[in-house]
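Thanks for coming. I will take a few minutes on how the pieces of one chain pack, so please have the structure open.

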Amino acid sequence: MSYTFSAKDYLRDIPFPFCAGCGGATVATSFLRAIHELGYRDLQGFVFCSGIGCSSWIPSPHFQADSIHTTHGRSIPVATGVKLMRPDLKVVVFGGDGDIVGIGLSHLIHAVRRNLDATVIMVNNMIYGMTGGQVAATTPLETKTTTTPYGGFERPLDTVRLVISAGARYAARWTTAHPSQLKEAIKKALTTKGFSFVEAVSQCPTAYGRRAGFKNAGEMLRWLKKQSIAIAEAEKLPEKELEDKIVVGEFIAKTLPTLTEKIQAVLRKAKKHG
Amino acid sequence: MHKHLSSGIYFMQGSEALAEAAIIAGCRFFAGYPITPASEIAEHLAKRLPQVGRIMIQMEDEIASIASVIGASWAGAKAMTATSGPGFSLMQENIGYAFMTETPCVIVDVQRAGPSTGQATKCGQGDVMQARWGTHGDYAAIVLSPNSVQEMFNLTVRAFNIAEKYRTPVILLADEIVAHMREPIFVPPLEKMEILNRRKPKSGNESFFGSEEVPPMPSLGEGYNVTVTGSTHNMFGIRFTADPEVHRTLVGRLVNKIRNNVELLMDFEAYNVNECEVGFISYGCTSRAVYEVVEIAQNNRLNVGFVRLKTVWPFPDKIVQTMAQRAKTIIVPEMNLQQIFFEVQRAVNGAAEVVPLNKIGGGEMFTPEELYSEIEGSV
């Protein structure tokens, strides 16, 4: 690129509201770097949909762009309405694990099934951070949270495997300890035709780290890196050994017709029969 | 088939008339989830909207339906969803969101007998208060109530017009009987119909969420960098979640843009209101029996009148108060266990005796005889 990257080129002059050490800013920067490297000098032509939760504040109102900050968990169906009426716009959903695989899980699976042409970026901090640290569908087993004071007793969800089995065209998982790989994954997701999904496992020192016994954000980042294991390596290991691991890398499936293409075909058919 | 129904007389089901009216009103997006007795609307639009190059999609639930309608509306489209009581309950959070973000859209509730699954295929009028107070927080609702197939057509066009004019969700509160009955309707020529569209920004320097009673509405992808949020926001759409004044200004304006326009939103049919000794206040399918009982009563030289609400919310206090000046008794028949009755009682404020008349179960409408015996008891 002949021009240098500055996140400010894409942001409103409103400071991010994140706690010290939050992974949200890392994800925002990785995303904007990806945008920059793809050659976009501004965010015109993009629509950002997000729900409720800390990471939903990444685009709204900070990105200099069109954004819809929806009700909790409903960013994906709002994005579906936007994309169906304006297929020319690039639709990106930002959300936390609470939004995307807690309250809004069924919308995620259906968007994948429909092959909605959109990118969903899930910032997985493994906790309900904004509400003060309650257990999430992604919290590792045995973790102490405000609603599991004796340790969590439910298995966390593997969202990347879920969306792949539902038919996602592209899915990747990295952590905030891998900002460069995360950026590359976002670039691939944004250039994928059809549904693409990027999970960024992120540190929440305030609501997760504190109770889980981490001293600070740095320690959490080192832990994220240490727990990460590449897909190829993970495939060689028995499931038991992967229980506390974060499997990182990308999953790519073959290209199928998108929701936009399918619905345009319906309109052509209806016109003929009508 | 033509792009939309040409002018003429048609024999139609209420749901079909509603769907065809939506097409004429300019609805470009419909999303819904199957539910009795509203499914016919989705089925008709699934066939018809693609024929005119527009979008119909069946979503995974009612929450997704209203959410995608909101997305479509911000993408510049007139958009609608249709459901019944249980689905209407699921939509309530996002109806509040549409109100807060000033998103024009039409939500059809074809009422059935609740609560819960109740008698899912039978008529009821139990959602009147849900339509007014269903979402959380401070808000004002606009709710229209058709009583015939013709009105399913007319009020659908009106619902879209109000939604666009005031940038707010509008509820079309139908019921199983008006949605399923078949009657002849007249479709006027398009040039004789009023079709309103949302006001668009001119320069882009305007605020999209304040300063005017109804601010202009940009669409996504027009270069305005519009920020839509259900959190309390200033006139430029920027979130302000602690400032008391920003909240008072925003929510105050949103409620007042409806309260201050009650006269324009009010819509009712009135008969012998100034003179009657016994008056009926009714809405939806129940009002059809009132027509007949008024005729019977007059033949028997009883002095009877009625008000039939076409706009249920905001409630038209004035016409009800006019009736109460002379009438001794005001009878409020409803297919629920008292809802609008309380609103009539509030408006009348002791000036006349307000008598509730309630019938639920099996989707049975009031018979004119049942209403007549109530008049006899009153005079």
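I start with a convention on handedness: a crossing is left-handed if the near helix is turned anticlockwise from the far one by less than a right angle, and right-handed if clockwise. By that convention, helix 1 of chain B passes helix 6 of chain B in a right-handed crossing.

Some bookkeeping. This is a predicted model, where local features need pLDDT of at least 70 and side-chain atom pairs count only at pLDDT 80 or more, while totals for chains, interfaces and linings use all residues. Residues are numbered from 1 along each chain as its sequence is written, and chains are lettered from A and ligands numbered from 1 in the order in which they are written.

Back to the helices, which are DSSP runs of H or I with at least four residues; strands are E runs of at least two, and both are numbered from the N terminus. Helix 1 of chain B covers residues 14–25 and helix 6 of chain B covers 149–166; their axes are 8 Å apart, at an angle of about 30°. Axes here are lines fitted to C-alpha atoms, for helices over the stretch in contact, and angles run from 0 to 180 degrees between N-to-C directions. The angle therefore makes helix 1 of chain B roughly parallel to helix 6 of chain B (under 35 degrees; over 145 is roughly antiparallel, 65 to 115 roughly perpendicular, the rest oblique).

Which residues meet? From helix 1 of chain B they include A17(B), L18(B) and A21(B), and from helix 6 of chain B they include M152(B), F153(B) and F160(B). Contact means C-beta atoms, placed from the backbone, within 7 Å. This contact divides into 11 nonpolar, 2 polar and 1 charged. Nonpolar is Ala, Val, Leu, Ile, Met, Phe, Trp, Tyr, Cys and Pro; charged is Asp, Glu, Lys and Arg; the others, Gly among them, are polar.

Next pair. Helix 3 (62–74) and helix 4 (85–101) of chain B pack at about 30°, axes 8 Å apart, so helix 3 of chain B is roughly parallel to helix 4 of chain B. Their crossing is right-handed.

Last, the domains. The assignment, automatic or from a database, gives chain B domain 1 (8–192) and domain 2 (269–378). In chain B, 24 residues of domain 1 are in contact with 23 of domain 2. On the domain 1 side, helix 5 of chain B gives the largest share, 4 residues.

How values were computed:
Two residues are in contact if their C-beta atoms, placed from the backbone, lie within 7 Å.
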